[in-house]
Amino acid sequence: MSFLQHDVPLNWYLLLSTVLFSLGVVGFLIKRNLITVFMSIELMLNAVNLSFVAFAYQWHAVKGQIFVFFVMMVAAAEAAVGLAIIIAVFRARNTLAVDRIDLMKL
Amino acid sequence: MHLILFFLFAGFCLAGAINLLWQTHPINSALSLIVVMTSLAVLYLLLGAEFLAIAQIIVYAGAVMVLFTFVVMLLNAGREERTLGSRAAIPIGFPAVVVLLGILATIVLHAQGLAAAHLGVGLTNAKNASNLDVLSQVLFCELLLPFEVTSVLILIAILGAVALARRDEAERTAEK
């Protein structure tokens, strides 16, 4: 990949990752739909992955990329379980609005 | 070349993330999250992580987001309702987000500065093999045990998801 020489400062990748993470936090706080809140968590995970890859590139450390791989696997498992929980909550409460899901007991 | 691609896909990324917040219907948010994830895959490619770029598209943009859209359609999730809004949310929330962004950016850029100072150390294991070669060497030799443990984790997650999502016998007989 000779045409992809490094002429973008690494800082820009890191700034992009922090901005994406902050947008994820905002979404997590302001969204009122359970599924969208969960999507914001995925956005935050992706932002952290981007900074991992950027640092791995700078340090020429392949372990950073492997860490991202593990994060992806765990995120996939988390998405499966989380969405199953959302289905269970919807079945019990018949709503997805987080304001109405305010009891620990289903 | 690199610069143009970076700006293009960083722009897609940010636009997708902002659109995720802007839309009120969950299916639109899910579709814009797919845009974010796909353009992140291109950024991974620019950073020389080909394997992760493909895995990002297959695992995230493929599997995880299909699951999300499937659940949105299964539950017939409608437009979200804005309830219990607080008047303090805007005057406090915006500065809080800016402060959070500032703190994160400072920490990350500081770490990047440290890395730049030590870059001589990092350059010792220069890459002459392809990225995938090195990656699989480390993954399947040094980190084989964590890799296998991950497969057990995913198996448990599948079982948990099935157990959570299926209906009980009592519920089913009550419906009859």
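Ser32(B) is located in helix α2 of chain B. In this predicted model, Ser32(B) counts as buried because 22 C-beta neighbours lie inside 10 Å, the threshold for burial being 20 or more. Leaving aside residues up to four places away in sequence, the contacts of Ser32(B) are Gly16(B), Asn19(B), Leu20(B) and Gln23(B). Ala15(B) is 17 residues from Ser32(B) along the chain, and the C-alpha atoms of these two residues are separated by 8.4 Å.

Two packed helices are described by the angle between their axes and the distance between the axes. For α2(A) and α2(B), the latter covering residues 26-46, the angle is about 5° and the axes are 11 Å apart. The two helices are therefore roughly parallel, since angles under 35 degrees fall in that class. On the chain A side, the contact is made by Ile35(A), Thr36(A), Met39(A), Glu42(A), Leu43(A), Asn46(A), Leu50(A) and Val53(A). The residues of α2(B) that take part are Pro26(B), Ser29(B), Ala30(B), Leu33(B), Val36(B), Met37(B), Leu40(B), Leu43(B) and Tyr44(B). By class, the residues of this helix pair comprise 13 nonpolar, three polar and one charged.

Over the whole interface, 67 residues of chain A are in contact with 70 residues of chain B. On the side of chain A that touches chain B, at least two residues come from each of α1 (10-30), α2 (34-59) and α3 (62-93). The most is given by α3(A), with 23 residues. This side of chain A consists of 49 nonpolar, twelve polar and six charged residues.

Chain B is assigned domain 1 (1-79) and domain 2 (130-176). A distance of 22 Å separates the C-alpha centres of domain 1 and domain 2 of chain B.

The model has an ipTM of 0.88 and a pTM of 0.87. For chain B the mean pLDDT is 84, with 87% of its residues at 70 or more. Within chain B, confidence is highest in α2(B), at a mean of 93, and lowest in helix α5 (residues 119-122), at 52. The pLDDT is below 50 over residues 121-126 of chain B, a stretch with seven contacts in the model beyond near neighbours in sequence. Where pLDDT is low, the predicted coordinates should not be read in detail.

Terms used: Residues are numbered from 1 along each chain as its sequence is written. Chains are lettered from A and ligands numbered from 1 in the order in which they are written. This is a predicted model: local features need pLDDT of at least 70, side-chain atom pairs count only at pLDDT 80 or more; totals for chains, interfaces and linings use all residues. Two residues are in contact if their C-beta atoms, placed from the backbone, lie within 7 Å. Helices (H or I, at least four residues) and strands (E, at least two) are DSSP runs, numbered from the N terminus. Ala, Val, Leu, Ile, Met, Phe, Trp, Tyr, Cys and Pro count as nonpolar, Asp, Glu, Lys and Arg as charged, and the others, Gly among them, as polar. Axes are lines fitted to C-alpha atoms, for helices over the stretch in contact, and angles run from 0 to 180 degrees between N-to-C directions. Angles under 35 degrees count as roughly parallel, over 145 as roughly antiparallel, 65 to 115 as roughly perpendicular and the rest as oblique. A residue is buried if 20 or more other C-beta atoms lie within 10 Å of its own, exposed if 12 or fewer, and partly exposed in between; C-beta atoms are placed from the backbone. Domain bounds come from an automatic or database domain assignment. pLDDT is the predictor's confidence in each residue, from 0 to 100.
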